[in-house]
Amino acid sequence: MPLGLNFTQIFLHLFNFLLLFAILYFLLYKPVKNFMVHRKEVYRKEAEETSQNLKKSEKARAEYEEKLARAGEEIAGLRAKSGEEAQAHYDRQVKAAKEEAEKILRDAREEAERQKAAIVQEAQKDISDLVTDAAEKLALHQSSQENFEKFLDAVEAGRAEAKN
């Protein structure tokens, strides 16, 4: 054969490559892809919930603004009858309505932040676990025990950083 090529060796290398590709597809690509689809669905649901909470907050804010506008009209009528007493009443209602609207918005934002932090923390843990599992599977195929120990030390250090 020219250049020392042997069709049997070429065929065996091609077969080994295809076998490796199939194994990696089923052990790594497919599970990671399924995980990503699942996480995307979780994030979509969380985004919908957050959006619904925001809509509820905006609706409550609109209601309070409407109440505030009505209170303003009432106060204008009372001001004509008793100026100083009506002014004090108006100030109390305006302040209470604004505080309540701010409290509702603040609570909604805090809840959204808590949900976001929980999602991020869960995603970091899931990713760390996946990387650890994949690395352990790959490390089992290596023949050098020393490399395996170095890798596990690096993974533990990464987990400690992720927890901090």
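This report covers a nonpolar surface patch and the salt bridges of a predicted model.

## Basis

Local features require pLDDT of at least 70 and side-chain atom pairs pLDDT 80 or more, while totals for chains, interfaces and linings use all residues. Numbering runs from 1 along each chain as its sequence is written, and side-chain values use heavy atoms, without hydrogens and water.

## Nonpolar patch

F11, L12, F15, L19, L20, I23, L24, L27 and L28 make a nonpolar surface patch of about 820 Å². Patch residues have over 30% relative accessible area and no salt bridge; like charges are joined within 9 Å, and nonpolar side chains (Val, Leu, Ile, Met, Phe, Trp, Tyr) within 5 Å. Areas follow the Shrake-Rupley method with a 1.4 Å probe, and for residues only the protein chains shown count as cover.

L20 lies in helix α1, residues 7–81 (helices are DSSP runs of H or I, at least four residues, numbered from the N terminus). L20 is partly exposed at 47% (buried is under 20% relative accessible area, exposed over 50%, partly exposed in between).

## Salt bridges

The count is nine salt bridges, each a side-chain nitrogen of Lys or Arg within 4 Å of a carboxyl oxygen of Asp or Glu. One of the pairs is R61 and E65, with closest N and O atoms 3.1 Å apart. These two residues are four apart in helix α1, about one helical turn. R61 is partly exposed at 35%, as is E65 at 43%.

In helix α2 (residues 83–140), K125 and D129 are also four residues apart, and their side chains meet at 3.1 Å, N to O. K125 is exposed at 52%, whereas D129 is partly exposed at 26%. Salt bridges also link R39, E122 and D126 in a network.

Note on methods:
Buried < 20%, exposed > 50% of the residue type's maximum accessible area, 1.4 Å probe, protein only.
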